[in-house]
Amino acid sequence: MTDTQIPLAGVIGSPIAHSRSPRLHRHWLKTYGIEGYYIPMDVAANDLEQVLRTLPKAGFVGVNVTIPHKEAALLLADQVTDRATLIGAANTLIFRPDGRIIADNTDGYGFLENLRSGAPDWDPKSGPAVVFGAGGAARAVVAALVEAGVPEILVTNRTRARADRIREDFGKRVRVVDWVQAGNIVEEARLLVNTTSLGMIGKPQLRVPLDGLQRGTVVTDLVYTPLKTHLLQVAEEAGCITVDGLGMLLYQAVPGFERWFGTRPVVDNATRAAALR
Ligand code: NAP
């Protein structure tokens, strides 16, 4: 890209029509009066490498990558941050002027910033965190919780082998619990996180028994359609502090926008409204 070119960024996935990222980035571009574009791109897995090698030549400064390309993008990148390596997936790519691709993962950052904003009194060191799920998002969440100093992280997942892999990769602070036992560990949680897709519109409900939830526990759901999931509703009724998943989506976008467009955007009510529109 030359100095006079208008910066281009976007999001690559398949399908991509449902993505809220274009609304979010376009809101920030408008708010800060930045001349730039953010474009959704539906790219098939077979074409990903060619597209990623071409975009920098066409004025792109970077892209977000989403399902199903998060792992493949990591392998195609020329340089990968430590946290993306540990998580095993990338969601943010930065194109250097020479065309080299840097891959990062900002999901864990987005997760923690959302918690800090929605539950400012939560102290990571206050006690165990329980994590439902062991997919890509769970790995980002566990990485963030380890870094934040949470003393014990109980991971439970339908497919136990994926949870075991998290324990292998993230160490002794992770304890794996069988999915059928998930209801029994709920009462130990100072923080409870659902990283499964259960509870999302069009997916089955989360059926883990939640009667053990303690008043004051912080409960957050990565699912944000609907905004108030069944889990969050039950938690609210039990006197828990609840944080919805939309904020994570907003905060994970901050580092990318700053790198591509040169301004660190603020996440506020107008940002939420723009993403929900
Ligand atoms: P993923 O790698 O495909 O993992 C899906 C997880 O859900 C796995 O733990 C999977 O268990 C579990 N699961 C799916 N169907 C299940 C069922 N019927 N019963 C029990 N467990 C089931 O996906 P991901 O990337 O981690 O994303 C997970 C969720 O987080 C999605 O809903 C995604 O939209 C959301 N997310 C939100 C944000 C945000 O910014 N708020 C960011 C990233 C992801 P198995 O391993 O047994 O299949």
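Axes here are lines fitted to C-alpha atoms, for helices over the stretch in contact, and angles run from 0 to 180 degrees between N-to-C directions. Helices (H or I, at least four residues) and strands (E, at least two) are simply DSSP runs, numbered from the N terminus. The model is a predicted one, so local features need pLDDT of at least 70 and side-chain atom pairs count only at pLDDT 80 or more, while totals for chains, interfaces and linings use all residues. Residues are numbered from 1 along each chain as its sequence is written, and side-chain values use heavy atoms, with hydrogens and water left out.

To start with the helix pairs, α1 (residues 21-31) packs on α11 (residues 254-261) at about 50 degrees, and the two axes are 11 Å apart. Angles under 35 degrees count as roughly parallel, over 145 as roughly antiparallel, 65 to 115 as roughly perpendicular and the rest as oblique, and α1 and α11 are therefore oblique to each other. On the α1 side, H25, W28 and L29 meet V254, F257, W260 and F261 of α11, where contact means heavy atoms within 4.5 Å. By class, the residues of this contact split into 6 nonpolar, 1 polar and no charged; Ala, Val, Leu, Ile, Met, Phe, Trp, Tyr, Cys and Pro count as nonpolar, Asp, Glu, Lys and Arg as charged, and the others, Gly among them, as polar.

Helix α6 (residues 136-148) turns up in the next two pairs. With α5 (residues 107-118), α6 makes an angle of about 60 degrees, and the axes are 8 Å apart. The α5 and α6 helices are therefore oblique to each other, and they too have a right-handed crossing. D107, G108, F111 and L112 of α5 make this contact with A140, V141, A144, L145 and A148 of α6, which gives 7 nonpolar, 1 polar and 1 charged residues.

With α7 (residues 160-170), the axis of α6 comes within 11 Å and crosses at roughly 30 degrees. This crossing is right-handed as well. Here α6 puts in G136, A138, R139, V142, A143 and V146, and α7 puts in R162, R165, I166, D169 and F170. The tally for α6 with α7 is 6 nonpolar, 1 polar and 4 charged.

As for the ligand, there are 21 residues around it, and A137, N157, T159, R162 and M200 come nearest; a residue is near if one of its heavy atoms lies within 4 Å. Several backbone atoms pair up with ligand oxygen. A polar backbone atom of A137 is 2.8 Å from a ligand oxygen atom. For A134, the distance from a polar backbone atom to a ligand oxygen is 3.1 Å, and a backbone N or O atom of G136 also lies 3.1 Å from an oxygen of the ligand.

Finally, most peptide bonds are trans. The bond from I67 to P68, though, is cis, with omega near 5 degrees, and P68 sits in the loop between β3 (60-65) and α3 (70-76). Another cis bond joins T225 and P226, with omega about 10 degrees; P226 lies in the loop between β11 (218-221) and α9 (230-237).

How values were computed
A polar contact is a pair of N or O atoms within 3.5 Å; within protein, one must be able to donate a hydrogen and the other to accept it, and residues adjacent in sequence count only if both atoms are side-chain atoms. A crossing is left-handed if the near helix is turned anticlockwise from the far one by less than a right angle, and right-handed if clockwise.
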